[in-house]
Amino acid sequence: MTGNKTREQALVELHNVARSHTPDSLKGTSTVVGRDSDGSFWVLPKNGRGNASCHLRLIEQIRP
């Protein structure tokens, strides 16, 4: 993701990416997206089986 966005706009965009992303380890598995308190997102198997997951994190670039 790039562009001049507020933190909230970037988190909304990241959430949309997380919802549409399926990591290779979870192909063919229903997934659910959860959000951590730091604003990062987890893509997890919906059935709770296995330990495969994907962690998506927002990294902010501060410009002078």
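The points below describe the fold of this protein, its sheet, its helix and its surface.

1. Basis of the note. The structure is a predicted model, in which local features need pLDDT of at least 70 and side-chain atom pairs count only at pLDDT 80 or more, while totals for chains, interfaces and linings use all residues. Residues are numbered from 1 along each chain as its sequence is written, and side-chain values use heavy atoms, with hydrogens and water left out.

2. Overall content. Helices (H or I, at least four residues) and strands (E, at least two) are DSSP runs, numbered from the N terminus.

3. The sheet. The three strands form an open, antiparallel sheet in the order E1-E2-E3. Strand E1 (31-35) and strand E3 (54-56) are its edges, each pairing on one side only. On average, neighbouring strands are turned by 25° against each other, direction ignored. Pairing requires that DSSP find at least two bridges between two strands.

4. The E1-E2 pair. E1 pairs with strand E2 (residues 41-45) over five bridges in the antiparallel sense. Within this region, Val 32 stands opposite Leu 44 in E2.

5. Helix against sheet. Helix H1 (residues 7-20) packs on the sheet and touches E1, E2 and E3; its direction makes about 15° with that of E2. Contact here means heavy atoms within 4.5 Å. Axes are lines fitted to C-alpha atoms, for helices over the stretch in contact, and angles run from 0 to 180 degrees between N-to-C directions.

6. Helix length. H1 has 14 residues and reaches 20 Å from its first C-alpha to its last, close to the 20 Å expected at 1.5 Å a residue. The expected span is 1.5 Å times one less than the number of residues.

7. Which residues of H1 are buried? They are Ala 10, Leu 11, Leu 14 and Ala 18. Seen down the axis of H1, the buried residues fall within an arc of 100° (taken from the directions from the helix axis to the C-beta atoms), so they line one face of the helix. These buried residues pack against E1, E2 and E3. On the other side of H1, Val 12, Arg 19 and Ser 20 are exposed. Buried means under 20% relative accessible area and exposed over 50%, with partly exposed in between (1.4 Å probe, protein chains only).

8. Whole-chain figures. Of the 64 residues in the protein, 22% are buried. Residues 24 or more positions apart account for 30% of the contacts with a separation of 6 or more.
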